[in-house]
Amino acid sequence: MNPAVFIGFVGLGLAVTLHVIFVSMTLGTGLLAAWYRWKAYRESDPWAELFARKVFKVLIVSELFSGVWGTIITVFLAGFFTAVTTLATNTLFIPIAIAIASIMIRIPTIAISWYTWGKIHPRTHSLVMWIMALSGFGVPFGFRAIFAEINHPVAVGYYLQTGHNPGFMPYSNPLFWTLYLHTAAAVISTGGFVAASLLALDKDVRGVKAGLLPGVGFLVAQLIFGPLYYFSLDWYSPLLFKAVNGEFLPLLVIKLAAVVALLALGLASYKAARAGAISSYVKWLGPLALFTVALGEILNDGARYPNLVILGDKGLSADLFANLYMDIPMPAVYVILAFLILSIVVFTMAAFYALYRRFIAEVPEV
Amino acid sequence: MTNPNPLLPLSALGIYFHGVYISLTFGLPVAIGVMLWKWWRTGDRDYYKAARIMTAVLGVNFALGAITGTLVEFGLVQIWPGVNLAIATFAFAPLALELIAFANEIAFLILFIVTLGRVKPPTSIAILALYAAFAYFSGVLITAVNSWMQAPWGVGPVAKTLYPFMPEYGPNVVDVPKLVALKLAAVATGQPISLLIEKPGFAQEVGIVLKDPMVALYSPYALVSIFHNILAAILIGMAVATAGWAYRYFKTGDQKYLKIVKPLAGAFAVLFVIQAPIVAHFMGEVVVHYNPTKFALMEGAETTYHNPIIALVAYGDPNKPIIGFDELEKACMNNTLTVGDLAKALNLPQTLKLAGQSVDISALASVKLSDLCLADLQKAKAYMPLIHTVYYVKVAFAIIGGLAAAVLFFYFYRVPGLSAIASAIAKIFGDERRRVFLLALLLVLGTVIPAVGGWAVREIGRKPWSVYGLLYPSEIVTPVPYASSPGFLAFAYLVILAVSLGGLYAMYLVATREYKFLELLKKGAGVGQ
């Protein structure tokens, strides 16, 4: 493989993995925050309002940064893999439009929810929070259609054969629904575990329980959607399935072990929380859930290497879609990667101050 | 094929809203920095509170800027997928570097918001400065990409071959036969370029098109545009912030708001002096040189005429005539080549083999380049009434903005003679509360209208091309029919307008509303009981 194409593939993989890690945190915690904000308004429950705000901090800190990695994915795709990007935009117009519309609603409503908290009527604020939380799920509803298509091109195949735009056909792709439900359950579960970890630092037993409930509950749902997606790969994307069970088997084993650990520790922690105690390992459940998400994404995308698109038991190499219109200046690419790492360091520092050192006030200032 | 015409206003709407938020994103850090500086030097908490409120507005605004930026980005790759060829070549370096800017911009903004009030003012100023540096760097790179579309630096004589009145666009770092073959294939098939470049293996077949990936970064057009656009955005953001605080002063008469307006007006005036007479002049010069049709449209030059003032400003020579469309048409007529001659000179075969399909260009062989050139000039000329009017409205409001900035500056900062004149002028507006507010409002009008008009002149003025002298909108538009269907257009307009107008209203709420409904939160946090 051309070195520039290899770097493009690895860079794209890094961007997708980081994006998915942050998105998992923000989608799940968004839903939890909206739910408890609404509960606080309906039941006049001060704890629920404070909990919603604490959980929402995770989003406030990380959403835009997760968006950055989404942008990085787009630039990597268009810059390094021009053909596949152009083919996707010409073919998957509707799923991409759904994702963009969702992003357009999601990000401003997050900022609006945070900064108007206490300034507009709680009922209106709850409504904005719900729009914020639910619009987030529209983003993977659009983008996961692309992932399903590159693993099993149903709509793209139709387009290449007929020249007609397939419209909503990406949603008839059998891989889409298992992948989407798998993703939706995973992000809610991850958000719950992240919330539980955060609230464990506050020694808030009720908060830990409130996080663990969706964490464990949707992890159990994953026990249905996960295997369903895994076996649907066997049926519709056998080359990818073979790679996952071949050279990527160690990663799969580690992921499964992490899921088992998460489930066992989550259940034990939930039991303890119901009895009014916070187990010492709750704070590690969030990072463990995020680690599981990262492994899942690496398995889903990395196992495609050296192909970018899978056609049953055949693969279309990344070279076929690559930008070969110029010699990509590799020193510039390395400098860019170095600066991206700097941004991760700065972001981590900001997140540390915001979440662990409580630099963001729980009650708004000024 | 998709008709690009309904999609052009949609793109323009998205870009304009992005421009609104970007202006605040660029201007508010300066305003916040001024407040933090004053807080640091005086210890006065009013300045800190002002900085904090503006930071909250910046937070909402940044989110809106980021999503409209995403919209513009997706608009480019989805609505105009032919642009992907540019992203893979000329725009690759600026957009790849933009990743550095965008990622660090957000990381430092989050760090600034999180630590504001928790660290000392100089530390906050330093973090804010780093955020602003990356934000401006992002502006530099995006302007470089847009500038390449205005003056495609690096294609040397390619555009001049088709349009003899055009200059050469820098060094020739492209494989001309390949570039022309792609263009001819699009013309011959009547299909957008994206249908060629989407084919797996197409890039392998075509091979290297661009020899210098960094060429877009050293275009003189880009250099001047960068200073012009970024300063304009900073000025708009500062004008809005100044007017916001002036309005509070107008409503309440509270001197603490006047205290905030004063340093903002001072910083604004200094930046305006750099922008209006200096940078804007150089911008005009590069337009004269690199966009001859745009300059003729701006000056309403259907035919060539003499105007010593405009000639002095534009060419530095009052005796030179203002080149009109008649001269440009004459230049077209001098081109006696046909498409066939051009193809022959470049050793292109009559049948191009592209992405597994054969494209016969022999039907184009007899087409005269002079006819193409004249037809495009006619299309450009249709925009003359619009561009000419918008350009002079923009200039008029820039002058109003400059006068308002000067009056406000000398009103606040005493300079013998000038301050007396400023005070006399200011008195026309009524009492002090009214005069400060109305002058600040004129700053907004004097920056926003020139920017809106300037961008319209920049973008519409380069028509009928999307990439000046090289590509039409129809060649880069999406082939997807839904894109121009009434349903999709209605949906897209609705989402853009709802989010953007809702966002603006939210920024107003954030800036003006006091906290009223925090009882539950305070109870939960155990405060205020």
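Here is a short chat about how some labels on this predicted model were reached.

Visitor: Why is A:T85 called buried?

Guide: Its relative accessible area is 8%, and buried means under 20%, so A:T85 qualifies. You'll find A:T85 in helix α3 (residues 82-91) of chain A.

Visitor: What does A:T85 touch, leaving out residues up to four places away in sequence?

Guide: A:L77, A:A78 and B:N84. A contact here needs heavy atoms within 4.5 Å. As for A:A322, which sits 237 residues apart from A:T85 along the chain, the C-alpha atoms of the two are separated by 9.9 Å.

Visitor: Why does B:L501 count as partly exposed?

Guide: B:L501 has 48% relative accessibility; buried is under 20% and exposed is over 50%, so 48% falls in between.

Visitor: How do you know how much area is buried between chain B and chain A?

Guide: The size of an interface is often given as the accessible area lost when the parts come together. Here that comes to about 7800 Å², with carbon and sulfur atoms giving 77%. On the chain B side, α2(B) brings the largest share, 20 residues. In terms of contacts, 90 residues of chain B meet 84 residues of chain A.

Visitor: How many salt bridges and polar contacts does that interface have?

Guide: The rule finds zero salt bridges, but 15 residue pairs are in polar contact, both residues at pLDDT 80 or more.

Visitor: Why are A:S44 and B:N347 called exposed?

Guide: The cut-off is over 50%. A:S44 has 52% relative accessibility and B:N347 has 70%, so both pass.

Visitor: What makes their backbones worth a look?

Guide: Most residues other than glycine have a negative phi. A:S44 has a positive phi of about 50 degrees, and B:N347 has one of about 60 degrees. A:S44 lies in the loop between α1 (3-43) and α2 (46-80) of chain A, while B:N347 is in the loop between α15 (339-345) and β3 (351-354) of chain B.

Visitor: Which residues does a cis peptide bond join, with omega about 5 degrees?

Guide: A:Y305 and A:P306. Another cis bond joins B:K463 and B:P464, with omega about 15 degrees.

Methods. Residues are numbered from 1 along each chain as its sequence is written. Chains are lettered from A and ligands numbered from 1 in the order in which they are written. This is a predicted model: local features need pLDDT of at least 70, side-chain atom pairs count only at pLDDT 80 or more; totals for chains, interfaces and linings use all residues. Side-chain values use heavy atoms; hydrogens and water are left out. Buried means under 20% relative accessible area, exposed over 50%, partly exposed in between (1.4 Å probe, protein chains only). Helices (H or I, at least four residues) and strands (E, at least two) are DSSP runs, numbered from the N terminus. Buried area is the accessible area (1.4 Å probe) that two parts lose on being put together, summed over both. A salt bridge is a side-chain nitrogen of Lys or Arg within 4 Å of a carboxyl oxygen of Asp or Glu. A polar contact is a pair of N or O atoms within 3.5 Å; within protein, one must be able to donate a hydrogen and the other to accept it, and residues adjacent in sequence count only if both atoms are side-chain atoms.
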